[in-house]
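Visitor: I would like to take a close look at one part of this model, and at how it sits among the rest. Please keep the account plain.

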Amino acid sequence: MKICVVGTGYVGLVGAAIFSDWGNRIIGVDIDVEKIERIKGGEMPIFEPGLSEIVLKNIKNGNLSFTTSLSEGMSDAEIVFICVGTPESDTGHADLSAIWKVSQEIGQNLGDYKVVVVKSTVPVGTNEKIKRIIKENLRIQTEFDVVSNPEFLREGYSVEDMMDPDRTVIGSDSERALSVMRRLYEHLGKPIVECDFRSAEMIKYASNAFLATKISFINEMGQLCERADANVNVVAKGMGLDNRIGPRFLNAGIGYGGSCFPKDVEALYKTSTDQAYDFKLIRGVMEVNSMQKDHFVSKITRYFGKNLSGKTFAILGLAFKQNTDDIRESVAIKVAKLLRGFGANLRVYDPEAMYNAKKELGDAGITYCLDKYEAIEGSDSLVILTEWPEFASLDLGRIKGMLKTSTIFDGRNLLDSEKVESLGFVYFCVGKRTNGLELLDKRPTGHPGVILKNGR
Ligand SMILES: NC(=O)c1ccc[n+]([C@@H]2O[C@H](COP(=O)([O-])OP(=O)(O)OC[C@H]3O[C@@H](n4cnc5c(N)ncnc54)[C@H](O)[C@@H]3O)[C@@H](O)[C@H]2O)c1
């Protein structure tokens with residue numbers, strides 16, 4: 001099949017690569033001239049395991065090419081995918097300006113029947129509006145159809161997720177368009193959910209909001225476990241073995257971030273208020289999430305006091321999660337900024353996100369290090385903020401002698417608390433009463449770094 005993919009970011013570039021690997025002819029389109037030049041030159045603008053090999057292979061065999069011209073990209077295509085960004089706007093709604101712009105252009109350039117597929121995450125009602133906009137902008141009376149095909153890939157695993165999705169959702173009001181989409185996806189042998197536009201749009205938001213709810217739920221359980229002297233990791237394991245619950249998205253930590261969960265949960269809440277419905281659970285999920293990083297940072301300021309000037313923290317992890325260079329809405333970046341706000345100097349390291357983090361955090365008070373041990377050497381304390389596997393295997397004996405104080409604040413529960421404590425570290429994690437919390441509670445009231453028992 002001949003396919004045009006508009007927007008070559010995390011979703012569009014991976015989509016274009018995988019569709020071409022299935023034997024289709026793909027043209028990727030983006031308004032970002034530099035990005036297109038880099039991809040054409042074989043350089044990936046994003047870090048995604050396995051992506052580069054697939055892109056290079058299919059550029060070479062002629063299945064995959066790129067352009068900045070939408071009219072050129074879509075002229076021969078049977079399907080046009082819209083994969084542009086839908087970031088959060090000032091009001092909390094999804095900013096759909098790129099979607100409207102692309103829809104107008106598609107309308108203006110339509111010369112024969114095409115299926116326009118919306119892969120971007122868009123609120124309920126958007127596909128109907130896209131259809132209207134394309135129709136209003138037609139220069140030649142042409143038939144076309146619209147399909148809502150939300151994407152569920154996880155950054156860091158996007159190649160495997162697109163190759164082997166749990167399900168594919170295709171929402172449309174046209175049997176002709178649905179049959180084109182079946183041809184594209186049926187070979188995967190995975191469930192295909194065929195439905196109306198609005199349900200398809202809602203499935204995407206409901207899925208992300210439900211996963212975010214799991215995260216906020218376990219984070220609140222962690223708050224309770226710290227107070228009630230239970231261990232949230234064990235609680236999560238015991239819960240997750242129940243088939244009805246499942247183990248995933250039950251890792252207590254510093255909260256969810258990234259380019260999707262925060263904006264999609266917020267946008268779903270806006271959709272509900274626009275429908276005069278107060279989605280109370282989602283409101284709670286967002287509130288818990290925004291407080292989670294503050295709880296974590298308060299452990300640091302309760303231990304060291306609120307004036308952190310003259311202190312240096314080794315920060316391991318800046319990406320919003322492991323396996324990606326993406327720092328959009330990264331809680332690690334937010335924690336780094338909070339620590340800087342208390343006057344701390346930072347020695348930071350992330351395996352993939354250093355370039356993006358530097359653009360966001362700047363140079364003042366921050367040393368960008370080449371590896372985890374360089375960040376730790378000479379720092380007062382270690383703070384772990386992203387769950388990269390290489391941080392779980394830190395040589396604890398080695399770092400003991402590198403840190404000025406033997407303190408570790410583990411925002412992702414990566415380390416084995418018993419082992420860490422037995423080596424003489426003061427250890428803080430999330431959802432467990434470690435020796436660090438015990439120590440804080442024993443401090444007299446009025447100590448510069450003390451807050452009353454139970455964090456109140
Ligand atoms: N990143 C994810 O993990 C993920 C997962 C599922 C769904 N989504 C959704 O997919 C959509 C895209 O997300 P992303 O992370 O790939 O975004 P992104 O910001 O990485 O990429 C968007 C691309 O669209 C391009 N673009 C913007 N306007 C354009 C225009 N008029 N013409 C051509 N190109 C244009 C941008 O230059 C950019 O390269 C969003 O709606 C997002 O919510 C993202």
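Visitor: Which domains does the domain assignment of the chain give, and over which residues? Then, for the close look: in which helix does Asn233 lie, and with which residues is Asn233 in contact once its neighbours within four places in sequence are left aside?

Guide: The model is a predicted one. The assignment gives domain 1 as 2–195 and domain 2 as 286–455. Taken over C-alpha atoms, the centres of domain 1 and domain 2 are separated by 39 Å. Contact between the two involves six residues of domain 1 and seven residues of domain 2. On the domain 1 side, the touching residues comprise four nonpolar, one polar and one charged.

Asn233 lies in helix H10, which covers residues 232–240. Asn233 has 20 C-beta neighbours inside 10 Å and therefore counts as buried, since the cut-off for that class is 20 or more. Leaving aside neighbours within four places in sequence, the contacts of Asn233 are with Asn413, Gly431 and Lys432. Gly222 is 11 residues from Asn233 in sequence, and their C-alpha atoms are 8.5 Å apart in space.

Gly222 also belongs to the packing of helix H9 against H10. H9 spans residues 197–228, and its axis comes within 9 Å of that of H10, with a crossing of roughly 135 degrees. In hand, the crossing of H9 and H10 is right-handed. From H9, the contact takes in Ile218, Met221, Gly222 and Cys225; from H10, Val232, Val235 and Ala236. By class, the residues of this contact are six nonpolar, one polar and no charged.

Helix H5 runs over residues 97–109 and helix H6 over residues 126–136; they pack at an angle of about 40 degrees, and their axes are 7 Å apart. That angle makes H5 oblique to H6. H5 passes H6 in a right-handed crossing. On H5 the contact is formed by Ile99, Trp100, Ser103, Gln104, Ile106 and Gly107, and on H6 by Thr126, Ile130, Ile133, Ile134, Lys135 and Glu136. These residues divide into six nonpolar, four polar and two charged.

The loop between H6 and strand E6 (144–148) contains Glu143. Glu143 is exposed, because 11 other C-beta atoms lie within 10 Å and the class takes residues with 12 or fewer. From Glu143 to Ala212 is 69 residues in sequence and 40 Å in space, C-alpha to C-alpha.

The other pair is H12 with H13. Helix H12 consists of residues 280–304, and its axis and that of H13 come within 10 Å, crossing at roughly 45 degrees. The crossing of H12 and H13 is right-handed. Lys293, Phe296 and Val297 of H12 meet Val331, Lys334, Val335, Leu338 and Leu339 of H13. The contact has six nonpolar residues, no polar ones and two charged.

Most residues other than glycine have a negative phi. Asn323 is not a glycine, yet its phi is positive, at about 70 degrees. Glu329, also not a glycine, has a positive phi of about 55 degrees. As for burial, Asn323 counts as buried, because 20 C-beta neighbours lie inside 10 Å. Glu329 has 18 C-beta neighbours inside 10 Å and so counts as partly exposed.

To return to the part you asked about: Asn233 is a buried residue of helix H10, in contact with Asn413, Gly431 and Lys432 once its neighbours within four places in sequence are left aside.

Definitions and conventions
Residues numbered from 1 in each chain as written. Predicted model: local features only at pLDDT ≥ 70, side-chain atom pairs only at ≥ 80, totals over all residues. Axes fitted to C-alpha atoms, helices over the stretch in contact; angles between N-to-C directions. Helix = DSSP H or I, 4+ residues; strand = E, 2+ residues; numbered from the N terminus. Parallel < 35°, antiparallel > 145°, perpendicular 65-115°, else oblique. Left-handed = near helix turned anticlockwise from the far one by under 90°. Nonpolar A, V, L, I, M, F, W, Y, C, P; charged D, E, K, R; others polar. Domains from an automatic or database assignment.
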